[in-house]
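Please work through the exercises below with the sequence and the coordinates open side by side. Each task is followed by a solution that goes step by step.

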Amino acid sequence: TITAQGIPPEGSLIAFKYRVPYQILGVFGANNFAIQPVSSDMGCLAPRTIIFVPGFGLARYCHLGFAVFDGWKDTVISEQIRPYLFPINDFDAKDITVADANYLPLSWAAQTANPPMYAIAMPIGNSGGKLTRMFLYDLILKAWAGNTDLPFPISCMAQVQPVTSNPLTIIGGFNEGCIHRWQAGDVAAAHLARSLLVSRVSAE
């Protein structure tokens with residue numbers, strides 16, 4: 001942001017440790033360079049879930065769930081899906097298979113364009129590292145869609161933004177050696193797309 005028109009000439013970089021986020025201000029080597037802790041104890045447990053979400057800030061998974069840091073305040077946004085992240089003894093939620101805490105650092109996140117969502121694939125139960133559940137946060141409704149258990153395990157995901165076509169999200173299979181295009185009409189990913197769409201409609 002040093003030379004961008006209309007933006008204050010202040011560089012800022014956010015670094016997440018496990019329990020504390022740090023804000024790096026200024027330019028390396030400058031007299032005003034500083035590293036200061038953010039007034040929050042929510043760091044990051046799954047580095048691949050860190051994504052800059054336009055209109056929200058830096059989203060990621062921390063020890064309290066999913067949180068967003070907008071440069072000033074750090075906010076938890078996952079209270080509605082807490083029974084799917086942490087084991088509880090409530091009668092209504094005791095049959096839910098929660099996230100696999102042993103493999104949480106392998107969780108992966110990406111954005112989708114149609115509809116705009118922050119999507120996170122996480123391991124559940126005794127996963128062995130397989131990402132089998134998708135959590136979807138609608139950026140327009142500012143609400144969580146219904147969670148979806150994937151029809152096949154995946155290991156990674158990302159959004160690509162070609163110049164000559166619509167943005168799409170790609171997902172990598174866990175042990176099949178395939179890359180699937182999500183929301184692109186591919187036959188192999190049709191079941192996944194239908195299940196995620198039905199989940200979103202049901203949540204609305």
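**Exercise 1. In which sense do β6 and β7 pair, and over how many bridges?**

Solution. In this predicted model, β6 and β7 run antiparallel to each other and are joined over three bridges. To place a residue in this pairing, look across from Phe69, which stands opposite Asp74 in β7. Next, widen the view to the whole sheet, an open one of four strands in the order β4-β5-β6-β7 with antiparallel pairing. Its edge strands are β4, residues 46-53, and β7, each of which pairs on one side only.

**Exercise 2. Find the salt bridges and state which parts of the chain they connect.**

- Step 1. Arg60 and Asp74 meet through their side chains in a salt bridge, 2.7 Å from N to O. Because Arg60 belongs to strand β5 (residues 57-62) and Asp74 to strand β7 (residues 74-76), the pair ties together parts that lie 14 residues apart in sequence. Both Arg60 and Asp74 are buried.
- Step 2. Arg82 and Glu79 form a salt bridge through their side chains, with 3.2 Å from N to O. With a relative accessibility of 25%, Arg82 counts as partly exposed.
- Step 3. Asp149 forms a salt bridge with Arg133, and the closest N and O atoms are 2.7 Å apart. Since Asp149 is located in strand β12 (residues 148-160) and Arg133 in strand β10 (residues 131-138), this pair ties together parts 16 residues apart in sequence. Asp149 counts as partly exposed at 46% relative accessibility, whereas Arg133 counts as buried at 6%.

**Exercise 3. Describe the aromatic pairs that involve Trp144 and Phe66 or Tyr137.**

Solution. A pair of aromatic rings is described by the distance of the centres and the angle of the planes. The count comes to six aromatic pairs. Among them, Phe66 and Trp144 form a tilted pair, with 5.4 Å from centre to centre and 40° between the planes. This pair links distant parts of the chain, Phe66 being in strand β6 (residues 65-69) and Trp144 in strand β11 (residues 143-144), 78 residues apart. Both Phe66 and Trp144 are buried. For Tyr137 and Trp144 the ring centres are 5.0 Å apart and the planes stand at 65°, so this pair is edge-to-face. Tyr137 is buried as well, its relative accessible area being 8%, and the value for Trp144 is 11%. Finally, ring pairs join Phe56, Tyr61, Phe66, Tyr118, Phe135, Tyr137 and Trp144 into a cluster.

**Exercise 4. Is Thr112 buried or exposed, and which residues does Thr112 touch?**

Solution. Begin with the position of Thr112, which is in strand β8, residues 108-113. The relative accessibility of Thr112 is 3%, and because buried means under 20%, Thr112 counts as buried. Leaving aside residues up to four places away in sequence, Thr112 touches Met117, Ala119, Gln159, Thr169, Trp182 and Gln183. For Gln159, which is 47 residues from Thr112 along the chain, the two C-alpha atoms are separated by 6.7 Å.

How values were computed:
Residues numbered from 1 in each chain as written. Predicted model: local features only at pLDDT ≥ 70, side-chain atom pairs only at ≥ 80, totals over all residues. Heavy atoms only, no water. Helix = DSSP H or I, 4+ residues; strand = E, 2+ residues; numbered from the N terminus. Buried < 20%, exposed > 50% of the residue type's maximum accessible area, 1.4 Å probe, protein only. Contact = heavy atoms within 4.5 Å. Salt bridge = Lys/Arg side-chain N within 4 Å of Asp/Glu carboxyl O. Phe/Tyr/Trp six-rings, centres within 6.5 Å; stacked < 30°, edge-to-face > 60°. Pairing = 2+ DSSP bridges.
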